Amino acid sequence: QVQLVESGGGLVQAGGSLRLSCTASGRIFSTYVLGWFRQAPGKEREFVARIRWSGSSTDYADSVKGRFTISRDGAKNMVYLQINSLKPEDTAVYYCAAKASWEVSYNYWGQGTQVTVDP
């Protein structure tokens with residue numbers, strides 16, 4: 001079992017930055033993949049970024065490339081999402097998720113953290 005807890009959300013002005021954190025606990029192997037998703041009001045949840053727990057690979061949604069950076073600290077069991085140049089359309093609940101490998105579906109989810117961007 002893997003438990004995920006997000007933090008770091010809040011209300012920010014457009015153009016600002018935020019760093020979201022995800023604390024992971026439980027049995028996490030090097031093959032695991034940690035990801036970030038978001039769900040805006042009235043929209044479906046969408047993929048944002050992912051990273052191998054080993055740190056060897058990352059992947060981003062086209063809509064966030066160049067503004068979002070995913071990283072992890074294995075020693076602290078943390079995954080981060082640095083968000084720069086925030087836009088009102090980034091307003092959403094951001095979720096941390098985990099899965100056993102790159103190819104399978106995510107089966108562990110956090111409770112989410114709200115990010116609101118004030119234009």
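A quick word before we start: strands here are DSSP runs of E, at least two residues long, numbered from the N terminus. Also keep in mind that this is a predicted model.

Begin by selecting the open sheet of 4 strands, which go in the order β1-β3-β8-β7 with antiparallel pairing. The edges are β1 (2-7) and β7 (68-73), each pairing on one side only. From one strand to the next, the twist averages 20°.

Now zoom in on β1. Its neighbour is β3 (residues 18-26), and 6 bridges hold this antiparallel pair. Pick valine 2 and you'll find glycine 26 of β3 standing opposite. Then show the side chains of β1: Val2, Leu4 and Glu6 make up the covered face, while Gln3, Val5 and Ser7 are on the uncovered one. Why the every-other-residue pattern? In a regular strand, side chains alternate between the two faces of the sheet.

For one example, click arginine 72, whose bridge partner in β8 is valine 79.

Next, follow the chain into the loop between β7 and β8, where asparagine 77 sits. Asparagine 77 isn't a glycine, yet has a positive phi of about 55°. It counts as partly exposed because its relative accessibility is 26%.

How exposed is serine 85? At 40% relative accessibility, serine 85 is partly exposed.

Key:
Residues are numbered from 1 along each chain as its sequence is written. This is a predicted model: local features need pLDDT of at least 70, side-chain atom pairs count only at pLDDT 80 or more; totals for chains, interfaces and linings use all residues. Side-chain values use heavy atoms; hydrogens and water are left out. Two strands pair if DSSP finds at least two bridges between them. Axes are lines fitted to C-alpha atoms, for helices over the stretch in contact, and angles run from 0 to 180 degrees between N-to-C directions. Buried means under 20% relative accessible area, exposed over 50%, partly exposed in between (1.4 Å probe, protein chains only).
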